[in-house]
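Take a look at the model below.

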2 protein chains.
Amino acid sequence: MAETERDETGREDDDYALDTRAVETIRAAIESGDAAAIDAAMEPLHAADIADLLEQIDPAERRALLALWSGGIDGEILSEIDESIRDEVIGALPREVLTEAVRELESDDVVDLIEDLEEPQQEMILGALPQDERVAVEKSLTYPEHSAGRLMQREVVVAPEHWTVGEAIDFLRAQTELPDQFYHVILVDPAHRPVGYVTLGKLMSSKRTVRLRDITEDSFRTMNVLEEEGDVAYAFNQYHLISAPVVDEGGRLVGVITIDDAMAVLDEEHEEDVLMLAGVAGEASVADGVLATVRQRIPWLVVNLFTASLSAFVISRFEGTLVAIVALAALMPIVASTGGIAGTQSLAVAVRALATRDLTASNAARVVRRELVAGLLNGLLLAGLLGLGGALISGDALIGGVLALAMIVNQIVAATGGVLVPLALHRIGLDPALASGTFVTTLTDVMGYLAFLGFATWILI
Amino acid sequence: MAETERDETGREDDDYALDTRAVETIRAAIESGDAAAIDAAMEPLHAADIADLLEQIDPAERRALLALWSGGIDGEILSEIDESIRDEVIGALPREVLTEAVRELESDDVVDLIEDLEEPQQEMILGALPQDERVAVEKSLTYPEHSAGRLMQREVVVAPEHWTVGEAIDFLRAQTELPDQFYHVILVDPAHRPVGYVTLGKLMSSKRTVRLRDITEDSFRTMNVLEEEGDVAYAFNQYHLISAPVVDEGGRLVGVITIDDAMAVLDEEHEEDVLMLAGVAGEASVADGVLATVRQRIPWLVVNLFTASLSAFVISRFEGTLVAIVALAALMPIVASTGGIAGTQSLAVAVRALATRDLTASNAARVVRRELVAGLLNGLLLAGLLGLGGALISGDALIGGVLALAMIVNQIVAATGGVLVPLALHRIGLDPALASGTFVTTLTDVMGYLAFLGFATWILI
């Protein structure tokens, strides 16, 4: 892994990701039905890359690959596979392969795997688990979707708060079954409430007689089991947590969340924000089919059809002006379009700042004020350019003036609207990214046409 | 930390973030110059929250707070402070406070702190470091910006590959200075090349006689010191890494990157993508002033002024048609606007998929084909609605037909353009998010007007 190849296509071919040439080799082997070549090409791939491979190839290729490949889907690959093809892959697996795969997984991965499956598939997988793990998974499924309870693993390493380093080390060294990943020993009081944690590194380097409670980490924070996973991810990133104990309403330890799961949530939350801002409903993947794609996109397109009709209505009120000076019809989209860009800019900054809790009630007024002044300045600069250009091209200085005035007004509306709309959505408890884009561009379109045609009617007619 | 309060403003007041009421208390104390009240309110705050507080208040309040607060800025707060106000805060600190703060930091945090500072401030901070750490920081600064070399910490815990668990434990327990955060013991060969790593948990639970090389982790991957930090973050998320050794060109161990730093990079990369997609140039923060805001936004606004003029030119070619049927002027933005939304949707999915390496040369053709068919279906659905509505409102079935035809064409152009533009940018080595939005909306605007007015001229005139 030490060397990285780069070619003219940018980072696509760096070796931290699935290699395009490997995919092509495998596709060729599928095409020719060459099972040995498939096995050879799949062998060096990481489970996450195999999952990506399955998403990137056609459904027909996917079926052929699953039938030909002797390696077979294991638990790790299964838990990496994107939801868009998970049902399909699970449905294609022989029952004993599925059972084997599921038994390898930790309880949090099983939960993640089955929470979005259909009832019969869910039952089949639960049935494949040993009794105690089945109970653990069913318990996790009782917590709300996207909660800390779903994200946590139930395997924890705890020690009574009064223990010494020596006692903890002896205890750990006597264990036969420790979790795969653990970074802290969690200290609990007699009621099993976490009171602090000690890193394994600190435990290693401290004298045997030192009390655990004297070497706990300052960064210690617990998460409520009902906490939103997005808030959990935020807390991990904000406070540089590596793991965090999860507690129930009574403050008792019920599990632990580790940073790798929090990082995956942060990444998903970002995906949601980007897609939501762009007006895509729900989760979208390049592996989705045509109908899933249409379903994700048509809702906001229909909404936009109606909001765009608002602009049409505004313009229709100025037909007299347009009949008098038809050249205005060609010029009118410029102000609206530049307003749309400015609104989107302001919106992106505001939505991002709300997500990172940097835009709050404390500084909202100052940020709106800043947007207003920045919008005015941008408006003046653009008005200068557009006014001059418009006057030269149309040969009419007054038309240049109308363009300039409308530009200033719409830039101010765009910049302030771009921050006020997400603030308002956030205030009423909605996701600020939800449809902000449609609202803001409707606002800038309507204001753009209104200002331009309004000033034109007033000044030119 | 176990309880979470929520009020009607949504997640702003959950207790994993800076509390708005705490900010208001502190602002009131600043206003009244009450140092004791400031100290009391600041005391429970985490360094990351203090940094957020400093970003959220006015520059004047910031100066007053720094003068009044007895706690003072320590290394941790300093390294949390956003770049937009870092120069200002460092400039305001007395030299001895700054020296003290910087000496607390690990080398990677010092690098992160000073890499964007002006030369004199950089020199001052380097001068405050002990000789050996100064050398370490200067060495890191010789690596390119945004490289693994800048991100890594140089403090590593290594063991020869032939050691046993017992030898490693005895070695660790004899150390007086281990890094604050470490999760693995890295095994090296005699040339100091990393060959694997063992988690501390595995070390704890294995017998003393077991060889380290027999209990290494499968997930082991090294990073090249020149690797882009975005690729490092991708690898951590893709392969669920907790830490990764960093090697030089000769494969020798030079440092280690831990997941908390990778998570912070992932978050910054997201921010860049969202802002870039929206046409904001460079880093933007709610703490930026008006002029910084104007500088970030004016470049793409000016570009849009020119691209919008393309639409104006297209419309101006149809003045004869508009004179004949002035009602067309009001209807023409609908097709263009709905195309803009569809293009943005397709674009967001494509840019995100390129970032997660899910859209590659292997599946690009299939994704473009899917977009084409989805665009056609969306176009047909929207054409039905718009055609019917347009015919009813205008009282002219032919106008409805023109709207419908133009909608179908533009939806197809939008959906395919939304994926082809970022693919093309990626192909020529540019960031696919860079200005994609401007390109795509220009395309959908021009096509929207051209299709609508073209069909209108052909059918109605």
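Start with Ala414(B): leaving out residues up to four places away in sequence, Ala414(B) touches Gly339(B), Ala342(B), Gly343(B), Ser346(B), Gly375(B) and Thr444(B). Keep in mind that this is a predicted model. Ala414(B) belongs to helix H20 of chain B, which covers residues 397–427.

Is Ala414(B) buried or exposed? Count the C-beta atoms around it: there are 31 neighbours inside 10 Å. A residue is buried if 20 or more other C-beta atoms lie within 10 Å of its own. Ala414(B) therefore counts as buried. Now compare sequence with space. Ala414(B) and Leu347(B) are 67 residues apart in sequence, and their C-alpha atoms are 9.0 Å apart in space.

Move on to Leu328(B). This residue lies in helix H18 of chain B, residues 327–355. Leu328(B) is buried because 23 other C-beta atoms lie within 10 Å. Set aside its neighbours within four places in sequence, and Leu328(B) is in contact with Thr321(B), Leu322(B) and Ala456(B). How many residues separate Leu328(B) and Phe452(B) in sequence? The answer is 124. In space, 8.8 Å separates them, C-alpha to C-alpha.

Next, turn to chain A and its strands. Strands of a sheet pair through backbone hydrogen bonds, either parallel or antiparallel. In chain A, three strands form an open sheet in the order E1-E2-E3, with mixed pairing. Strand E1 (158–160) and strand E3 (194–199) of chain A are the edge strands, and each pairs on one side only. From one strand to the next, the twist averages 35°. Look at one pair in detail. Strand E2 of chain A, residues 184–188, pairs with E3(A) in the antiparallel sense over five bridges. Within that pairing, Val185(A) has Val198(A) in E3(A) as its bridge partner.

Finally, step back to both chains. Two copies of a chain are related by a rotation about an axis and a shift along it. Here, a rotation of 180° with 0.0 Å of shift along its axis superposes chain B on chain A, with an RMSD of 0.1 Å. That is the relation of a two-fold axis. The same surface serves both copies, as 99% of the contact residues of chain B recur in chain A.

How many residues of chain B are in contact with chain A? There are 120, and they meet 120 residues of chain A. On the side of chain B that touches chain A, 62 residues are nonpolar, 32 are polar and 26 are charged.

How values were computed: Residues numbered from 1 in each chain as written. Chains lettered and ligands numbered in written order. Predicted model: local features only at pLDDT ≥ 70, side-chain atom pairs only at ≥ 80, totals over all residues. Helix = DSSP H or I, 4+ residues; strand = E, 2+ residues; numbered from the N terminus. Buried ≥ 20, exposed ≤ 12 C-beta atoms within 10 Å, placed from the backbone. Contact = placed C-beta atoms within 7 Å. Least-squares fit on C-alpha atoms with pLDDT ≥ 70 in both. Pairing = 2+ DSSP bridges. Axes fitted to C-alpha atoms, helices over the stretch in contact; angles between N-to-C directions. Nonpolar A, V, L, I, M, F, W, Y, C, P; charged D, E, K, R; others polar.
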